[in-house]
Each structure stands twice: as C-alpha cells, then as structure tokens.
Amino acid sequence: MNSGRTISRRDVLIRSSSALAAAALSKASLFARGHGDERTIPFLDRPPALPRELLDLGLDMNLLDWEELNSWLTPSREFFRVGHYGTPEIDPKEYRLEITGLVDAPRTYTLDELHKLPKQEVVFTLECSGNDGLPWFRGGIGNARWGGTPLRGVLERAGVKKKGIEVVFFGADSGDVTVPYFDGDGIKLQDFDTTQNFARSMSLEDAANPANLLCYEINGEPLPRANGFPLRLIAPGWYGVANVKWLQRIEVWDTRFMGPFMTERYVTLHEGARKDGQVVWTRSSVGRGLLKSMTARVAVKDGLHRIYGAAWGAPIARVEVQIDDGPWIPAAIDQGQEHEFAWKFWSLDWKSPSSGEHRITSRAIDTEGNVQPAMDDPRIAGKHTYWESNGQITRTIRI
Ligand SMILES: Nc1nc2c(c(=O)[nH]1)N[C@H]1C(S)=C(S)[C@@H](COP(=O)(O)O)O[C@H]1N2
Ligand SMILES: [Mo]
C-alpha cells in the first residue's frame with residue numbers, strides 16, 4: 001500500500017502505562033484550586049435545555065458540563081455520545097470485523113484475534129463537529145486514552161491493491177435514507193428509499209496514518225456500548241463523525257464514497273468573498289478537527305479570581321484571554337499534557353475584577369502560529385451551517 005505522508009514515530013503517541021500515569025498526575029496542577037473553599041462563579045450564558053423534539057426522541061447525549069470539568073481524562077461513563085441510528089447491541093462472541101474490497105487477502109477478524117494484534121494507545125480529544133454550533137449544543141467533547149490495534153497494520157496485512165484510493169468504514173447501525181436521483185439538468189427523476197449503515201470514508205493516505213486505531217478500550221476499560229462496543233475507529237485529529245463506532249466492515253474502493261454522512265449530513269456550506277469581490281460558495285464534508293478553545297469556569301478563593309479553560313484541535317502553543325475590550329493576555333498552560341491530539345488545560349489569574357457584568361473570550365494559537373478565528377472572521381461569519389464552529393467563544397459572568 002502507499003506509505004502516505006510520513007509521520008514520524010515521535011508524532012505518534014505510543015505511551016507506556018507509566019508515561020500515562022505521569023500525564024494523569026497533571027491533575028495536580030490542573031484546576032489546582034478546585035478544592036476546599038474555592039467557589040465557582042456561575043456563567044450568565046449557560047446553555048438552554050435540549051429542544052423538546054430531541055428529548056422526546058429519548059436522546060441522551062451525556063454532554064460535558066464545562067463548569068464541572070475536573071479531570072484531564074474524561075471518565076468513560078461521563079463521555080458524551082452521539083448515535084444517529086440508535087445504539088446497536090453486539091454480542092462480542094458473535095462479533096466479526098470484515099476487511100474487504102480492493103485487498104489481496106480479504107478476511108474477517110474475531111474480537112480475540114484483534115485483541116492479540118499489537119496494541120497502541122493514544123490520548124485524543126474527540127469533539128462532535130456540531131459542538132457550539134447550536135445554542136443548546138455545548139459540551140459535545142471529551143478526552144480519553146484510547147487503546148486498540150493500529151488500522152495501518154490491518155490494512156498492510158490485507159494488502160491494499162494498487163487501484164485502492166478510498167477506505168470506507170461501516171458501522172453496524174443503520175437507518176432509512178432517501179436518495180434523490182437527478183438527470184444531468186438537475187431535474188429530479190426519482191426518490192429511492194434505502195436502508196444504509198452509518199458509514200464514513202477516508203483517503204487511503206489518511207487511513208494509513210499510524211495514529212489511527214481499531215479501538216476496543218477507553219481509559220483502560222472496554223468501550224461502553226454507547227461509545228462503540230466492541231470496536232470503533234479512532235482517528236486522532238478528526239472530528240467525531242469520522243470515528244465510526246460499532247465498526248463492522250472496512251472496504252477499500254477505487255472511487256470516492258458518497259454516503260449521506262459524507263455528502264449530505266455533516267456538510268458545511270460557506271459563502272466567501274474573493275479579493276476581486278466575487279462571491280464563492282463552497283460545500284465541504286466535515287473532516288479534520290479545528291483549532292479551538294473554551295473558557296470552562298471562573299472561580300474565586302481568598303478574594304482571588306481565576307479563569308480556567310481548555311484548548312484543542314491542533315498542537316497548542318499558546319492561549320490568550322480577553323476580558324471585556326481589554327488586551328489579549330497570555331494564559332498559563334498546564335504542564336504534563338504533551339499529547340499531540342489531546343486538549344491542554346489553561347488558567348489565568350484575573351486581577352481585581354470590578355463588580356458587574358464581564359465578557360471573557362479565549363483564543364488558541366497552534367504551534368504553526370495559526371490563531372483560532374474570531375466570530376467576525378470570514379471563515380466563521382461566512383459559514384451558513386452550524387458544523388465546524390471553532391470561532392472564539394465569549395462567556396459572560398457577573399462578579
Ligand atoms: N456507527 C456510528 N458511528 C458514529 C456515529 C454514529 O451515529 N454511528 N456518530 C458519529 C459522531 S457524529 C460522533 S460526534 C461520534 C461521537 O462519539 P461518542 O459517541 O463516542 O462520543 O461518533 C461518531 N461515530
Ligand atoms: Mo458528531
């Protein structure tokens with residue numbers, strides 16, 4: 001198979017348990033004052049409750065409450081969940097993973113066989129690309145140490161044929177999808193009612209990234225059912241939707257895959273103006289995660305105020321905070337969180353805030369100098385859909 005973009009071993013987060021234990025110790029510095037007589041000052045902008053329609057569907061997304069966040073690794077039972085076609089129940093003894101399509105040696109794996117393959121772990125902050133795109137949708141994010149076997153090895157063992165360019169990942173969950181059929185002039189000829197499994201694809205080059213895992217563990221425990229038991233794809237650096245749960249079949253294709261979660265749902269519509277003033281509309285499939293940060297909590301202890309938050313979506317170099325219309329002030333970044341794909345926690349001492357209402361905005365800066373866009377940046381302001389909302393978030397609070 002193609003070797004793809006070379007990603008150095010160093011970039012891939014293969015950690016022994018002792019290194020991970022050290023990372024977990026960073027809890028000591030993170031939100032260090034979140035104990036004893038420290039008091040959280042509630043934000044004025046807490047998200048509204050889920051809309052009635054969603055509650056009626058019995059949807060329980062288990063969203064993160066930022067103000068309650070007190071551990072760098074999200075405990076598995078607290079991890080958010082998104083399932084568009086319900087939660088399949090899979091008997092681990094009956095479970096099979098199929099590798100098929102344009103490969104020399106198609107085969108199926110039992111769970112036991114997958115567990116016996118080389119194990120690798122990665123700490124990765126998984127965010128739903130819808131997070132912060134709708135008023136009630138806040139906290140569709142979590143950080144975990146995922147364990148499994150590298151996808152790359154399984155693809156190599158199957159032997160991808162020369163013609164293969166696309167890797168399609170099918171989940172066990174399925175739903176009804178209406179597929180419209182147009183003629184060349186855009187006239188609709190027919191609607192096909194189909195049943196399709198949840199599926200997403202990646203180019204072979206992206207799929208071959210050595211960080212990608214066929215994952216069966218979260219924080220050292222088996223995956224909970226809602227998070228993909230017994231096996232899911234973990235694609236570090238990609239938005240949640242790419243991380244296919246209840247993984248059942250991997251197919252190598254010689255053409256692009258056009259499933260609804262690539263081309264219809266999880267699609268961003270953007271209106272941008274070029275330098276010459278011409279307006280250009282683009283539609284793109286949600287894919288890689290984007291640079292972002294969030295102010296999680298403001299606390300006071302012994303009369304001293306401190307702002308806490310997180311930043312993720314790219315290797316984080318710095319985080320800056322703006323209070324009201326003041327200057328951008330660098331925040332202190334917690335140490336011991338040197339994981340390429342994991343969020344970093346930060347904090348800032350807020351020197352003698354005046355009483356009254358205040359606005360707090362954070363922005364993350366990655367190691368390449370990219371700055372998280374402001375809300376009026378054309379990348380955000382020109383976006384007409386709610387996906388990929390990584391604009392700078394302003395929280396409001398009364399002191
Ligand atoms: N099979 C399957 N995989 C899926 C989904 C799904 O509906 N079905 N939802 C995706 C989306 S949109 C997100 S945000 C993540 C959420 O992962 P989590 O439920 O473990 O938090 O799963 C992704 N994988
Ligand atoms: Mo999502």
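K119 is partly exposed, with 45% relative accessible area; buried means under 20% relative accessible area, exposed over 50%, and partly exposed in between (1.4 Å probe, protein chains only). This is a predicted model, in which local features need pLDDT of at least 70 and side-chain atom pairs count only at pLDDT 80 or more, while totals for chains, interfaces and linings use all residues. Residues are numbered from 1 along each chain as its sequence is written, chains are lettered from A and ligands numbered from 1 in the order in which they are written, and side-chain values use heavy atoms, with hydrogens and water left out.

**Salt bridges**

- A salt bridge here is a side-chain nitrogen of Lys or Arg within 4 Å of a carboxyl oxygen of Asp or Glu, and by this rule the count is 28.
- K119 pairs with E121 in a salt bridge, at 4.0 Å from N to O; E121 is buried, at 12% relative accessibility.
- E320 and R363 form a salt bridge whose closest N and O atoms are 2.6 Å apart. This pair links distant parts of the chain, with E320 in strand β16 and R363 in strand β20 (residues 357–366), 43 residues apart. E320 is buried, at 10% relative accessibility.
- D377 and R379 also meet through their side chains in a salt bridge, at 3.0 Å from N to O, and D377 is buried with a relative accessible area of 18%.
- A network of salt bridges links D45, E127, D132, R138, K292 and R395.

**Backbone geometry**

- As background for this group, most residues other than glycine have a negative phi, and most peptide bonds are trans.
- The peptide bond from F229 to P230 is cis, with omega near 5°. P230 lies in the loop between β9 (221–222) and β10 (232–234); strands are DSSP runs of E, at least two residues, and helices are runs of H or I, at least four, numbered from the N terminus.
- D302 has a positive phi, near 50°, and sits in the loop between β14 (292–301) and β15 (304–312). D302 counts as exposed because its relative accessibility is 65%.
- D324 has a positive phi too, near 50°, in the loop between β16 (316–323) and β17 (328–330). With a relative accessible area of 23%, D324 is partly exposed.

**A contact across the sequence**

- The C-alpha atoms of D302 and D37 are separated by 8.3 Å, with the two residues 265 apart along the chain.
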